[in-house]
Amino acid sequence: MAERILLVEDEEKLSRMVELELRYEGYEVEKAFDGRTGLERALAGDFDLILLDIMLPALSGMEVLRRLRKERQTPVILLTARDAVVDKVSGLDAGADDYVTKPFAIEELLARIRAALRKRPAAPAEVPRLTCGPLSMDVERHAVQVDGAPVELTRREFDLLRYLLENKGKVITRESLLDNVWGFDFAGETNAVDVYIRFLRSKIDERFGVKIIHTVRGVGYAAREEG
């Protein structure tokens with residue numbers, strides 16, 4: 001999917017030139033010609049980067065930036081005719097990611113855009129969490145709770161419960177549980193699954209008065225919410 005850029009610039013000729021170059025490079029572009037409209041679109045849209053002129057009607061670029069930073073951390077490159085050090089410092093201190101002084105070469109602007117996009121923080125990885133009724137499992141933290149109360153499990157018990165939860169609602173045969181939890185080369189007793197199912201029921205179902213692990217006679221076991 002093409003990266004989306006919001007261009008907030010009141011000089012229409014410059015805005016059109018930059019838009020054409022960005023589209024040629026494969027970016028999606030949306031434009032605004034005053035600060036108030038630019039802020040509204042920046043807050044309402046899902047943009048990968050914002051090119052923001054400082055000298056704007058209705059609302060200055062600096063004010064747009066300050067208000068934007070209260071809610072969004074979208075990368076912002078300021079565009080301005082000002083080249084005083086104090087103006088650059090003010091823009092960066094207000095939360096801008098970069099600063100380009102007019103007139104600029106389009107090649108420089110494109111390079112700065114690529115650099116700013118590379119610096120974007122990666123989205124936080126979603127913490128894997130499995131649930132079944134009042135039971136929840138935080139896979140990353142290796143933690144299990146029932147109605148908020150912690151359940152202490154051994155590594156094997158955790159792995160067995162995890163496999164059942166990953167296949168919630170499905171009946172899993174003993175052979176499949178042995179293969180996927182103990183491993184294909186497991187050489188222990190074939191009743192290991194039944195033994196560990198009893199351990200889990202003792203620590204979860206019996207302790208908390210719930211029914212999570214179900215036996216399907218002649219087939220295997222399932223984790224499901226209904227009684």
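Visitor: What covers the buried residues of helix α3?

Guide: The model is a predicted one. In helix α3, which spans residues 61–68, the buried residues are Gly61, Met62, Val64, Leu65 and Leu68. They lie on the same side of α3, because they cover an arc of only 160 degrees around the axis. The elements that cover these residues include α2 (35–44), β3 (49–53), β4 (76–80) and α4 (85–93).

Visitor: Is Asp138 buried or exposed?

Guide: Asp138 belongs to strand β7, residues 135–138. The cut-off for a buried residue is a relative accessible area under 20%. Because the value for Asp138 is 5%, this residue is buried.

Visitor: Which residues point the other way from Leu135 and Met137 in β7?

Guide: In a regular strand, side chains alternate between the two faces of the sheet. In β7, Leu135 and Met137 point one way, and the residues that point the other way, likewise buried, are Ser136 and Asp138.

Visitor: With which side chain does the side chain of Asp138 make a polar contact?

Guide: The side chain of Asp138 reaches the backbone nitrogen of Glu140 at 3.2 Å. Its side-chain partner, at 3.3 Å, is Arg129.

Methods:
Residues are numbered from 1 along each chain as its sequence is written. This is a predicted model: local features need pLDDT of at least 70, side-chain atom pairs count only at pLDDT 80 or more; totals for chains, interfaces and linings use all residues. Side-chain values use heavy atoms; hydrogens and water are left out. Helices (H or I, at least four residues) and strands (E, at least two) are DSSP runs, numbered from the N terminus. Buried means under 20% relative accessible area, exposed over 50%, partly exposed in between (1.4 Å probe, protein chains only). A polar contact is a pair of N or O atoms within 3.5 Å; within protein, one must be able to donate a hydrogen and the other to accept it, and residues adjacent in sequence count only if both atoms are side-chain atoms. The arc is that of the directions from the helix axis to the C-beta atoms. Contact means heavy atoms within 4.5 Å.
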